[in-house]
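Hi,

Here is the structure I promised to pass on to you. Have a look at it first, and then read on for what turned up.

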Amino acid sequence: LNEYYSTFLSMESAFSTHLDPGDKNVKKALIGFQQIAIAGEHPARTRKHLSSPARNSACKRMNMFLRWMVRSDHQGVDFGLWKQISPAQLVIPMDVHVTRVARRFGLITSEVVNWKNAEILTDELRKFDPDDPVKYDFASALRVMPKRPRKSFDGRRGGGPPRSSQTLLQTDDLAQRLVVQHHHRAVSLDPEQRAEQRVAVS
């Protein structure tokens, strides 16, 4: 830390110094920060905890950290303390759960957890909000995504949007629309196709 702070005024500048305002995302910032962190003497395990897009890692930990420090919200989760990086440049923190839900929503075609897929998913979310794509974090939606069509209020299976969609991020129009869209796509399939779809994403 002493060596680091003799070069940089803050942790923020170790990321932002590698980033230009016109950059689409934080890829260069993450690569640059990792190179700084491993430049001097360090334990071998440091490389494991400081991943890099240069090796096609999804960089979940680093992207989550940047989300906390860059984004501002009213839920007390994201602090918004850093101002040299734009929320528009953030990349979704991707893991196996996020990829599974995103694939069910039709936003990605592969469940491989890597940087390429993280960029693809973020680009899709940017279509809904180019200024803050990372606000659509599917981790909180995972618990309420049904594994099979549920009965509607009139007792018919698959007669309407899943009840769980009514509790899914009530203030988030995108999440609700994606759940409803996924449901209607699922119930349009015949029973055999729905069974195959459930096996594919389980």
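The largest nonpolar core has 34 residues, and those with the most contacts inside it are Phe15, Val26, Leu30, Leu66, Ile85 and Leu121. A nonpolar core is a set of buried Ala, Val, Leu, Ile, Met, Phe, Trp, Tyr and Cys residues joined through side-chain atoms within 4.5 Å; buried means under 20% relative accessible area, exposed over 50%, and partly exposed in between (1.4 Å probe, protein chains only). At least two residues of this core come from each of α2 (11-16), α3 (27-37), α5 (60-70), α6 (96-104) and α7 (115-126). Helices here are DSSP runs (H or I, at least four residues), numbered from the N terminus.

A word on the source: this is a predicted model, where local features need pLDDT of at least 70 and side-chain atom pairs count only at pLDDT 80 or more, while totals for chains, interfaces and linings use all residues. Residues are numbered from 1 along each chain as its sequence is written, and side-chain values use heavy atoms, leaving out hydrogens and water.

Now to α5: its buried residues, Leu66 among them, pack against α2, α3 and α7. Leaving aside residues up to four places away in sequence, Leu66 touches Phe15, Val26, Leu30, Arg71, Trp82, Ile85 and Leu90 (contact means heavy atoms within 4.5 Å).

Phe15 and Trp82 also belong to one aromatic cluster with Phe33 and Phe65. At 1% relative accessibility, Phe15 is buried, and Trp82, at 9%, is buried too.

Enjoy exploring!

Notes. Phe/Tyr/Trp six-rings, centres within 6.5 Å; stacked < 30°, edge-to-face > 60°.
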